[in-house]
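Trainee: I've got a model open and I'd like to learn how to read its features one at a time. Can we walk through it together?

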Amino acid sequence: MRRRSFLAVAGWLATAAVATLIGVAAIEWVGESIAGTPGGVLSQEEIERALASPGPTAPGVGGPSPTATGTGGPASPGATGSAPAGARRAFATTGGSAVAECGPDGVRLVSWTPAPGYRVSDAERGPDDDVEVAFAGPSGEFELRLRCVGLEPVSAEDDD
């Protein structure tokens, strides 16, 4: 009888350990897919290097922090210098920032980052004739609407 009790307890402990490991792995996987940032979060210096170098080096959704700060109100473009064909450019608002690039199919949001205290309320990634990302927070909603002029992304006025 004692041996049977020992085997039952050992089996129960083994089952509990396996279930715990599976649960931890599932939580880690789900957490990364919900809150994870593809490629991780980059520093401002890494973003500046990525924007300065040729080729697609910036991460996708939710990646970089702003590289340039505008001095105007919402949708003020960042100062990234002259943009060669197909160049990436950073834009900033009070609510957050975005990086966009132009290509043969139109403008595309490469990445966007809400400012502290703000969240992304809407995003249309593209590529399309125009794209937008909206940030909502304590000071209201700020929207970046972007389009291409030639192969350079520019801030577009709201035509609604």
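Predicted model: local features only at pLDDT ≥ 70, side-chain atom pairs only at ≥ 80, totals over all residues.

Trainee: Which residue does cysteine 148 form a disulfide with?

Mentor: To read a disulfide, look at the sulfur atoms; the cut-off is 2.5 Å. Here cysteine 102 and cysteine 148 make the link, with their sulfurs 1.9 Å apart. The count for the structure is one disulfide. As for what it connects, these are distant parts of the chain: cysteine 102 sits in strand β3 (residues 96–103) and cysteine 148 in strand β7, 46 residues apart.

Trainee: Is the link left-handed or right-handed?

Mentor: Check the torsion about the S-S bond. For cysteine 102 and cysteine 148 it is -115°, and the link is left-handed.

Trainee: Let me zoom out. How many helices and strands does the chain have?

Mentor: Two helices and eight strands. Reading from the N terminus, the order is α-α-β-β-β-β-β-β-β-β. Of the 160 residues in the chain, 31% are buried.

Trainee: Which strands form the open sheet, and in what order?

Mentor: To read a sheet, follow which strand pairs with which. Here four strands are arranged as β5-β6-β7-β8, with antiparallel pairing. From one strand to the next, the twist averages 20°.

Trainee: How many bridges join each pair of strands?

Mentor: Go along the sheet. Five bridges join β5 to β6, eight join β6 to β7, and four join β7 (residues 140–149) to β8. If you want examples to click on, glutamate 124 is partnered with glutamate 132 in β6, and phenylalanine 135 with phenylalanine 142 in β7. Our cysteine 148 turns up here too, with proline 153 in β8 as its bridge partner. Leucine 146, for its part, is partnered with serine 155 in β8.

Trainee: What should I look for in the hairpins?

Mentor: Count the residues between the two strands, then check phi in the turn. The β5 and β6 hairpin has five residues between its strands, and glycine 126 takes a positive phi near 85°. Between β6 and β7 there are two residues. The hairpin of β7 and β8 also has two residues between its strands, and glycine 150 in that turn has a positive phi of about 70°.

Trainee: Why is strand β6 largely enclosed?

Mentor: Tally the buried residues along the strand. In β6 (residues 130–137), six of the eight residues are buried, so the rest of the structure largely encloses this strand.

Trainee: Now charges. How many salt bridges are there?

Mentor: Six. Start at arginine 88, which pairs with glutamate 101 at 2.8 Å between the closest N and O atoms. Arginine 88 is in strand β2 (residues 88–92) and glutamate 101 in strand β3, so the pair ties together parts 13 residues apart in sequence. Both of these residues are buried, arginine 88 and glutamate 101.

Trainee: Which other salt bridge does glutamate 101 form?

Mentor: One with arginine 108, where the closest N and O atoms are 2.5 Å apart. Arginine 108 has 23% relative accessibility, so it counts as partly exposed.

Trainee: Which residues are linked in a network of salt bridges?

Mentor: Asp130, Glu132, Glu143 and Arg145. One of the contacts is arginine 145 with glutamate 143, at 3.8 Å between the closest N and O atoms. Arginine 145 is buried at 9% relative accessible area, while glutamate 143 is partly exposed at 25%.

Terms used: Residues numbered from 1 in each chain as written. Heavy atoms only, no water. Pairing = 2+ DSSP bridges. Axes fitted to C-alpha atoms, helices over the stretch in contact; angles between N-to-C directions. Salt bridge = Lys/Arg side-chain N within 4 Å of Asp/Glu carboxyl O. Buried < 20%, exposed > 50% of the residue type's maximum accessible area, 1.4 Å probe, protein only.
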